[in-house]
Amino acid sequence: MPTDWRRALAVVAHPDDLEYGASAAIAGWTDEGRSVAYLLATRGEAGIDTMPPDEAGPLRSAEQVEAAAIVGVDVVEFLDHPDGLLEHTVALRRDLAAAIRRHQPELVITINHHPTFPGGGFNMADHRNLGNALLDAVRDAANRWLFPDAGAPWSGVRWVAVAASPQATHSVDVTETLDRGIASLRAHTAYLAALSGPMADADTFLRMVTGADSGSPSVTFELIPM
């Protein structure tokens, strides 16, 4: 992964998206003195089957702020688009472009926007739509004629790094930061309590996907030059 950058903006659809791997890499970057901010399109209010959205949204937002702090991130913003109903629209592109212009990142971090995950599992609509809108928004942010009321143009994004992509090209060693990545996922207490299966166990799942049980753990990214 490139190391010649100072500012990153991590953009995802839901609380917990970054904690299923990427946050372990983010912990290493913040340890090195790099600035990373989080932007979430929704508050994940429709993500807990046993909890009404008006309760789940505030709770999951608070859990996300706690999870971010564990890996050295103290800026967490929410766009308040509807969970489960994200669409690749001009309105979403505008909100994302405005955030890119405001934060002026060199690196944009997100999670898999492809139809499937590694291993073949079908990806959800929010992830697909957010990721594709984000790629467009990086270009939008650089164009002074688009969204002129959304801040000054920013053309400084050099890469988009996509975690959990089936087309991974790069990896980051997380030997020193995996435990904090696991702790950041555990911060989503209410969300994990409502799950079943391997994704409900932060330690087991993250050690599996990073390869920690068979060697040095790493987080993979598809690096897209912009």
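A charge is taken to sit over a ring if NZ of Lys or CZ of Arg is within 6 Å of the ring centre and within 35 degrees of the ring normal. In this predicted model, R34 meets that description, lying over the face of W5 at 4.9 Å from the ring centre.

W5 also takes part in one of the three aromatic pairs that the structure holds: with W29 it forms an edge-to-face arrangement, 5.4 Å centre to centre and with 85° between the planes. This pair joins distant parts of the chain, since W5 belongs to the segment before β1 (7-12) and W29 to helix α1, 24 residues apart.

Beyond its neighbours within four places in sequence, W29 is in contact with M1, W5, R34, L107, I109, V172 and F221. W29 is also among the residues that touch the most other members of the largest nonpolar core, which has 44 residues; the others are L18, I26, Y38, L107, I109 and F221. Helix α1 (residues 22-31) supplies the largest share of this core, six residues. The helix is mostly covered, with nine of its ten residues buried, and just after α1, G33 takes a positive phi of about 90°.

A further edge-to-face pair is formed by Y20 and F205, at 5.3 Å centre to centre and 90° between the planes. Here Y20 lies in the loop between β1 and α1, whereas F205 lies in helix α7 (residues 202-209), 185 residues apart. Y20 counts as buried because its relative accessible area is 15%, under the 20% cut-off, and F205 is likewise buried, at 13%.

Technical notes. Residues are numbered from 1 along each chain as its sequence is written. This is a predicted model: local features need pLDDT of at least 70, side-chain atom pairs count only at pLDDT 80 or more; totals for chains, interfaces and linings use all residues. Side-chain values use heavy atoms; hydrogens and water are left out. A nonpolar core is a set of buried Ala, Val, Leu, Ile, Met, Phe, Trp, Tyr and Cys residues joined through side-chain atoms within 4.5 Å. Buried means under 20% relative accessible area, exposed over 50%, partly exposed in between (1.4 Å probe, protein chains only). Helices (H or I, at least four residues) and strands (E, at least two) are DSSP runs, numbered from the N terminus. Contact means heavy atoms within 4.5 Å. Rings of Phe, Tyr and Trp (its six-membered ring) pair if their centres lie within 6.5 Å; planes under 30 degrees apart count as stacked, over 60 as edge-to-face and the rest as tilted.
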